[in-house]
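Work through the exercises below with the model on screen. Each task is followed by its solution in steps.

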Amino acid sequence: MSALSRRAITSTFLRSFLVQGSWNYHTMLGTGFAFAMLPGLRRIFDDDAEALDASVRRHLDHFNAHPYLANLALGAALRLEADGTDDQIVRRFKVAVRGPLGGLGDSLVWAAWLPTVSMAALALWWLGQPVWVVVGLFLVVYNVGHLTLRVWGFRSGLRDGRDVARTLSEARLPQLGERIKSIASLLVGVLAGLVLASREGLSDAGPLWLVPAIVCFVGGLKIGHRAWRPAAIATVTAIALIASWGVLR
Amino acid sequence: MELALIALLGGGLALDATSVGQFMLSRPLVAGALTGWMLGDPALGLLIGTLLELYLLVSFPSGGAQFPEGTTATVVAVATASASSAPGALPIAIAVGLLWGQVGGFSITALRKANGLMVPEPADEHVDTTRLATAHLGAVGLDFLRGVLITGTGVAIGRVLVAQVGESWPLGQRESLALILVGAAVSVGILLHDLGGFRRRRVLFATGLALGIVGVRFL
């Protein structure tokens with residue numbers, strides 16, 4: 001069995017950006033995971049076609065995680081394969097980490113980091129900043145967090161192998177998520193204030209518009225995600241009815 | 001030619017949402033500005049991107065959930081609005097975008113089902129690594145084609161619609177914008193709900209609200 005080369009490690013890391021490329025309801029990230037592992041597995045089992053085949057099938061299994069934190073499992077699985085770990089242990093390891101990596105990633109990135117950076121960018125737009133500042137800052141700030149998480153995850157997994165669970169708990173990602181959510185809560189207020197009070201905002205169209213806006217805001221606050229689709233349908237219907245009225249007038 | 005370029009941009013940006021990278025080039029804010037820039041009006045692109053970003057703040061590609069596709073929605077909306085200077089161009093473009101986001105969401109679900117038929121089975125006796133790579137990259141290619149098709153169709157429909165009814169839109173620009181913002185207020189409420197709810201976050205929210213209102217006056 002060969003040791004992992006820098007080239008194989010880099011190639012696996014780069015392929016991790018395509019880990020969701022063949023997302024499906026059967027194996028979810030499974031195929032993407034095996035695709036990303038291929039350069040490393042080819043290097044590890046370069047003189048044993050049968051072992052390579054078995055390892056590829058092992059990683060085709062159902063797997064799901066947040067795409068950024070999937071790197072932690074990728075790095076660790078590569079380490080386990082390179083160390084010649086028993087295939088049942090590799091399978092059990094992947095089953096054990098997929099839940100936490102999905103939940104943590106969703107909570108940290110989708111529910112905290114992305115809305116926080118988005119709202120900061122939206123606030124900048126409402127304050128009259130130019131297009132390139134708003135879009136440029138959004139992309140740079142968001143991706144600093146994104147790439148840091150991917151690189152940290154992959155390196156930690158590769159270094160710690162099966163012990164990556166300890167690394168994950170020591171990283172205190174839920175606490176980090178909570179802190180980011182506090183900033184996001186402040187920014188929701190800032191954004192609401194800007195939308196209410198700015199030129200091009202609601203107050204500009206007249207105070208009467210504030211009433212349905214507050215009703216909609218409270219509806220979203222109380223009902224949560226179930227309110228989104230009815231609100232979108234209501235908006236589209238209202239625009240369609242007003243357009244029809246304009247045509248018939 | 002322009003329609004083909006917009007469709008290709010939509011396909012390329014749609015890849016970023018799930019299949020490739022997730023650098024958030026696919027978010028309405030960025031997709032709107034890029035489409036606007038391509039069509040010679042980045043400010044309009046960013047305005048529509050901002051409005052749709054407000055709606056889609058709470059929509060993200062998490063797990064197996066079905067979600068409206070913000071990328072094609074935004075590219076379609078910007079391309080629809082930029083084709084006309086009629087007073088109804090903006091609200092109709094937003095409505096078409098919101099509707100087309102749902103269509104994009106359904107097409108993602110269909111693509112994921114098709115991917116399930118294409119990828120190699122873990123239970124197979126032997127898995128050819130070339131077949132694995134072909135299936136995986138083929139799925140990425142299909143996602144691109146899906147984005148191109150959805151964007152192209154949406155823009156064609158949106159532009160016809162704006163040309164037909166855009167001129168007779170009865171509301172002024174301020175009222176039209178207010179109507180769109182009223183709908184978006186639901187997403188802002190949902191976001192605060194997701195962040196822990198009003199009771200838990202009321203101090204931070206109220207502080208931010210005051211800062212926002214005061215900030216507008218001074219900045």
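**Exercise 1.** Determine the handedness and the angle of the crossing of α3(B) and α5(B).

Solution. Step 1: the crossing of α3(B) and α5(B) is right-handed; a crossing counts as right-handed if the near helix is turned clockwise from the far one by less than a right angle, and as left-handed if anticlockwise. Helices (H or I, at least four residues) are DSSP runs numbered from the N terminus, as are strands (E, at least two).

Step 2: the two axes come within 11 Å and cross at roughly 45°. Axes are lines fitted to C-alpha atoms, for helices over the stretch in contact, with angles from 0 to 180 degrees between N-to-C directions.

Step 3: α3(B) and α5(B) are therefore oblique to each other, since angles under 35 degrees count as roughly parallel, over 145 as roughly antiparallel, 65 to 115 as roughly perpendicular and the rest as oblique.

Step 4: α3(B) brings I48(B), L51(B), L52(B) and Y55(B) to the contact, and α5(B) brings A93(B), I94(B), G97(B) and L98(B). Two residues are in contact if their C-beta atoms, placed from the backbone, lie within 7 Å.

Step 5: by class, this contact has seven nonpolar, one polar and no charged residues. Ala, Val, Leu, Ile, Met, Phe, Trp, Tyr, Cys and Pro count as nonpolar, Asp, Glu, Lys and Arg as charged, and the others, Gly among them, as polar.

This is a predicted model: local features need pLDDT of at least 70, side-chain atom pairs count only at pLDDT 80 or more, and totals for chains, interfaces and linings use all residues. Residues are numbered from 1 along each chain as its sequence is written, while chains are lettered from A and ligands numbered from 1 in the order in which they are written.

**Exercise 2.** Describe chain B and its division into domains.

Solution. Step 1: chain B has eight helices and zero strands. Its C-alpha trace spans about 70 × 50 × 25 Å along the principal axes.

Step 2: domain 1 of chain B covers 2-170 and domain 2 covers 172-219, with bounds from an automatic or database domain assignment. Their centres, taken over C-alpha atoms, are separated by 27 Å.

Step 3: nine residues from domain 1 of chain B and eleven from domain 2 of chain B make the contact. On the domain 1 side, α3 (42-56) and α5 (89-118) of chain B are the elements that give two or more residues. That side has nine nonpolar, no polar and no charged residues.

**Exercise 3.** Find which element of chain A gives the most to the side that touches chain B.

Solution. Step 1: 90 residues of chain A are in contact with 87 residues of chain B.

Step 2: the elements of chain A giving two or more residues include α2, α3 (49-60) and α8 (173-197). The most comes from α8(A), with 16 residues.

Step 3: the chain A side divides into 57 nonpolar, 25 polar and eight charged residues.

**Exercise 4.** Is S16(A) buried or exposed?

Solution. Step 1: S16(A) sits in the loop between α1 (6-15) and α2 (30-44) of chain A.

Step 2: S16(A) has 24 other C-beta atoms within 10 Å and is therefore buried. The cut-offs are 20 or more for buried, 12 or fewer for exposed, and partly exposed in between, with C-beta atoms placed from the backbone.

Step 3: leaving aside neighbours within four places in sequence, S16(A) is in contact with A36(A), A70(A), N71(A), L74(A), R150(A) and F154(A).
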